[in-house]
Amino acid sequence: MSQKSLISITDFSKEEYLKIMELSAKFEANPNQSLLKGKVIATLFFEPSTRTRLSFETAINRLGGKIIGFSDSNSSSVSKGESLHDTIRMVSNYADMIIMRHPLEGSARYAAEVSDVPVINAGDGANQHPSQTLLDMYSIMKTQNRLDDINLFMVGDLKYGRTVHSLLMAMSQFKNPIFNFVAPPELAMPDEYKLFLSQKGICYFEHLEFNDIINQADIIYMTRVQKERFIAPADLTKLANCCPCGPTIG
Amino acid sequence: MSQKSLISITDFSKEEYLKIMELSAKFEANPNQSLLKGKVIATLFFEPSTRTRLSFETAINRLGGKIIGFSDSNSSSVSKGESLHDTIRMVSNYADMIIMRHPLEGSARYAAEVSDVPVINAGDGANQHPSQTLLDMYSIMKTQNRLDDINLFMVGDLKYGRTVHSLLMAMSQFKNPIFNFVAPPELAMPDEYKLFLSQKGICYFEHLEFNDIINQADIIYMTRVQKERFIAPADLTKLANCCPCGPTIG
Amino acid sequence: MSQKSLISITDFSKEEYLKIMELSAKFEANPNQSLLKGKVIATLFFEPSTRTRLSFETAINRLGGKIIGFSDSNSSSVSKGESLHDTIRMVSNYADMIIMRHPLEGSARYAAEVSDVPVINAGDGANQHPSQTLLDMYSIMKTQNRLDDINLFMVGDLKYGRTVHSLLMAMSQFKNPIFNFVAPPELAMPDEYKLFLSQKGICYFEHLEFNDIINQADIIYMTRVQKERFIAPADLTKLANCCPCGPTIG
């Protein structure tokens, strides 16, 4: 596998996914590698995400690398008006790799284009979060011993949840997946993803609530409602209000 | 000593205190140990405390460990509404030990209960700060060559100062301590601690001001007034106003 | 070179500059030194500066050192009212060296006076930023193969830009420098620096705009307008307004 950026889960082929799963199992069994010895990795979090940041920083530490970075844009020069272009150009001169979280969709792709070093997208707005998807796939592999023939239930916020979209794209590359979407209408899976599945001839079903069909699931993928992604907080209130008395067809 | 959490200074026995003092002297003489080699330690500071955080991070670095964490809750996912339970569960999967500072009393004990890895309480509200107490005991040992038979003057904010309470609990385990409390009435040692000493048959004396008896002190433990612990800032102003003309009985 | 603080670019002699340039070239060619092995370096940023902080932290990491510190004063105990004196005294007990950025002019010199360990000034208000100057000199050396006989154009904010002042002081130590200042009147080079050059018999020229003479430049040193250094934001607006129709004498 060449040294390249990971921006979207579609950047990798099925074969590369499987290679990453294999490496992950190896690192999980014996994490104290010196793989990153002498390497400096930048973790640039333009919005806070403890869970994601600490997971990357743990991985870097366990693989022997050193860390520079920031955990939110308030304590960085972004508050002085420095552009993303300048920040990335600067850091790509300091670090051997950049891991980046940014609130704007498309920012990670842009960063990879201006960086001299590989960029890993740790989430760009509502767009992509590919490392989360790799982890999700690894969890499926560990519990099911396969990535083919998976009946996958996706539940909750299927509209704004970027991990849902990324996992859908990734799993669609494997044999005979079945997708079941459980969400209220306001948070339904966007049409573009349903169209994508249709065009690949992949089965999907939509439900407004849980029902008996859940028993067929290999994996149930639950998401939280991401209030920080809603444009208007009123949307969330409306949703919270309507949920208990929501429709019952499924 | 087994791998266990340090939440309250009462978690350890007198023998364990002495063992820690002995280890501390060894590490002070030769700090470049590889004791924590390959270990990742999380420093989770839900409220800022540079002094405490940097002291722990220095110790981790000098003992060969790696660090992940955050220095205040604004740059962590706590601002997204993540619960303490979830944060601790997550981090205990990443790190080999958790060092935690939190504004809520009891939070450290709760964290230790839900964590898979040992938790060190680096201060939970006005409750406990046991590592500070270990350091205080180490300072007493270094200067007095003993922990028994200490005449200890505690001065200043004896009401809200958690280090004062922890040191009282710790020193009460050693032979023949004498406690002298010097504080204005608003910041007097709480009754529960005086009751605790009485029940153990340990002598204590209360004073409103310094006086000649200070010459008998082996140790004078001065505290600052912790304005961040006062419920109403007005209390502090009142105190500041009354101090210069305070009562003179002692 | 003895272990000493770097507060102002005038702290070092011409010979020491040249020694640092030589060491820098060596480290640039082979950065994975163990020069700082076992050392803990504190990076204390009382105001955010990602560029400067990450460059120092990269250097520390590449030279094998460990890092403690904070990236802005909001997440440090400065918000509890801890004095600079106390912070520096505390950290000089933890770390083997302190790298400090502070908004107040003179703060770095003060820190060096109360610290037990060397202090590197990473910028103190509008005053000094000596490591930036060392880097600027290194860039001149790399591109021109000399530090003597340099015709240096300084452009932009010559009033508040501390790097401009530091570079002027440094380059004035070498043989036959020529200084050309290009700035609007509101941001002109302060009289004290012009007086300094005059007293050393060094040539300088002032211009309000670029003109043909720019062809004689060996180095053009461009600065940005540092809006965070302006006392009144109105100044900046005024400047932005007047620039397009500024005077044309040069």
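Leaving aside residues up to four places away in sequence, I99(A) touches I41(A), A42(A), T43(A), L44(A), F45(A), F56(A), I60(A), I120(A) and A122(A); contact means heavy atoms within 4.5 Å. The model is predicted: local features need pLDDT of at least 70, side-chain atom pairs count only at pLDDT 80 or more, and totals for chains, interfaces and linings use all residues. Residues are numbered from 1 along each chain as its sequence is written, chains are lettered from A and ligands numbered from 1 in the order written, and side-chain values use heavy atoms, without hydrogens and water.

I99(A) is among the residues that touch the most other members of the largest nonpolar core, which has 42 residues; M137(A), L152(A), M154(A), L168(A), M171(A) and F179(A) are the others. Such a core is a set of buried Ala, Val, Leu, Ile, Met, Phe, Trp, Tyr and Cys residues joined through side-chain atoms within 4.5 Å. Buried means under 20% relative accessible area, exposed over 50%, and partly exposed in between (1.4 Å probe, protein chains only). Helix α6 of chain A (residues 162-171) gives the most to this core, with 6 residues. Helices (H or I, at least four residues) and strands (E, at least two) are DSSP runs numbered from the N terminus. The core lies between domain 1 (9-124) and domain 2 (147-242) of chain A, because both give residues to it; the bounds come from an automatic or database domain assignment.

## Sheet of chain B

Chain B has an open sheet of 4 strands in the order β2-β1-β3-β4, with parallel pairing; two strands pair if DSSP finds at least two bridges between them. Its edge strands, β2 (66-70) and β4 (119-124) of chain B, each pair on one side only. Strand β3 of chain B (residues 97-102) pairs with β4(B) over 4 bridges, and M100(B) stands opposite N121(B) in β4(B).

In helix α3 of chain B (residues 84-94), the buried residues include L84(B), I88(B), V91(B) and Y94(B). The buried residues of α3(B) pack against α2 of chain A and against β1, β2, β3 and α4 (107-114) of chain B.

## K194(B)

K194(B) lies in helix α7 of chain B (residues 191-199). K194(B) is buried, with a relative accessible area of 12%, and touches F181(B), M189(B), Y204(B) and E206(B), not counting residues up to four places away in sequence.

## Confidence

The predictor gives the complex an ipTM of 0.79 and a pTM of 0.83. Chain A has a mean pLDDT of 86, pLDDT being the predictor's confidence in each residue, from 0 to 100.
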